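Subject: Handover of a structure

Dear colleague,

Please find the structure below, together with its sequence.

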Amino acid sequence: MGSPSNLPTAYIRNFEPYLNEPTKFGAGWPIFSLYATTPMQFLICYGLFHPGCEWTLDLSVMNVAMSVYGSSLHLLSQFHWRNPDPYRIPTESDRHLTVIVLNLIGPVMAVATCYRCFTNEGFFMSDDRRVGKNKKSQ
């Protein structure tokens with residue numbers, strides 16, 4: 001991907017050569033994730049620490065959808081039979097496991113965050129809505 005650092009270059013060469021595919025389809029998800037889901041995750045973290053941010057629930061669902069869809073598309077296309085051999089994940093089992101785990105950390109964390117948001121919905125309600133809901137239940 002043209003990084004001057006040795007770590008990304010070694011990772012791409014040894015674990016995920018799919019990121020250097022000539023069509024750049026493999027590099028699309030990491031770039032989209034960097035610019036779209038990362039800011040969304042920062043906003044969700046803000047909402048988790050500040051009560052009354054009603055938008056956190058919606059944002060967590062959107063984050064799960066984008067993370068699960070994008071990561072599965074990115075990961076499964078590396079194993080597809082029509083993907084040329086030089087761009088497939090190397091056949092050593094420890095490398096397969098490393099790539100799978102690293103690519104699934106994001107979606108698993110997004111699902112866990114969404115679960116947290118929906119198990120305590122009252123935390124994200126504004127004070128006005130929280131008071132109104134308590135009056136209705138009494």
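The lining of the largest pocket has 15 nonpolar, 11 polar and 1 charged residues. In this classification, Ala, Val, Leu, Ile, Met, Phe, Trp, Tyr, Cys and Pro are nonpolar, Asp, Glu, Lys and Arg are charged, and the others, Gly among them, are polar. The space in this largest pocket comes to about 590 Å³. Of its 27 lining residues, Trp 29, Ser 33, Leu 102, Asn 103 and Gly 106 are the closest to the centre. Two or more lining residues come from each of the elements α1 (6-14), α2 (25-49), α3 (55-78) and α4 (93-119).

A pocket is defined on a 1 Å grid over the protein atoms alone, as an open set of points where a 1.4 Å probe fits, with protein on both sides within 12 Å along at least five of seven lines; lining residues have an atom within 4 Å of a point. Grid points are joined across faces, edges and corners, and the volume is the space filled by probe spheres set on the points.

Please note that this is a predicted model, in which local features need pLDDT of at least 70 and side-chain atom pairs count only at pLDDT 80 or more, while totals for chains, interfaces and linings use all residues. Residues are numbered from 1 along each chain as its sequence is written, and side-chain values use heavy atoms, with hydrogens and water left out.

As to the overall fold, the chain has 5 helices and 0 strands, and from the N terminus on its elements run α-α-α-α-α. Helices (H or I, at least four residues) and strands (E, at least two) are DSSP runs, numbered from the N terminus. Of the 138 residues of the chain, 28% count as buried. Buried means under 20% relative accessible area, exposed means over 50%, and partly exposed lies in between, with a 1.4 Å probe and protein chains only.

Val 64 has its place in helix α3 and, at 17% relative accessibility, is buried. Tyr 87, in the loop between α3 and α4, is partly exposed at 22% relative accessibility. Tyr 87 and Tyr 18 are 4.4 Å apart in space, C-alpha to C-alpha, and 69 residues apart in sequence.

The next topic is the aromatic rings. A pair of aromatic rings is described by the distance of the centres and the angle of the planes. The structure holds 4 aromatic pairs. One of them joins Tyr 11 and Phe 15, which are stacked at 5.6 Å centre to centre with 20° between the planes. Rings of Phe, Tyr and Trp (its six-membered ring) pair if their centres lie within 6.5 Å; planes under 30 degrees apart count as stacked, over 60 as edge-to-face and the rest as tilted. Tyr 11 is partly exposed at 22% relative accessibility, and Phe 15 is partly exposed at 23%. Tyr 46 and Trp 55 form another stacked pair, with 6.4 Å centre to centre and 5° between the planes.

Charges also sit over rings. Arg 95 lies over the face of Phe 15, at 5.7 Å from the ring centre, and Arg 116 lies over the face of Phe 123, at 5.4 Å from the ring centre. The criterion is that NZ of Lys or CZ of Arg is within 6 Å of the ring centre and within 35 degrees of the ring normal.

How many disulfides does a search of the whole structure find? The search finds 0, a disulfide being a pair of cysteine sulfur atoms within 2.5 Å. The sulfur of Cys 45 is too far for a bond, because the closest cysteine sulfur, in Cys 117, is 9.7 Å away. Cys 117 is in no disulfide either, and its nearest cysteine sulfur, that of Cys 114, is 6.3 Å away.

Finally, Lys 24 lies in the loop between α1 and α2. Most residues other than glycine have a negative phi. Lys 24 has a positive phi of about 65° although it is not a glycine.

Yours sincerely
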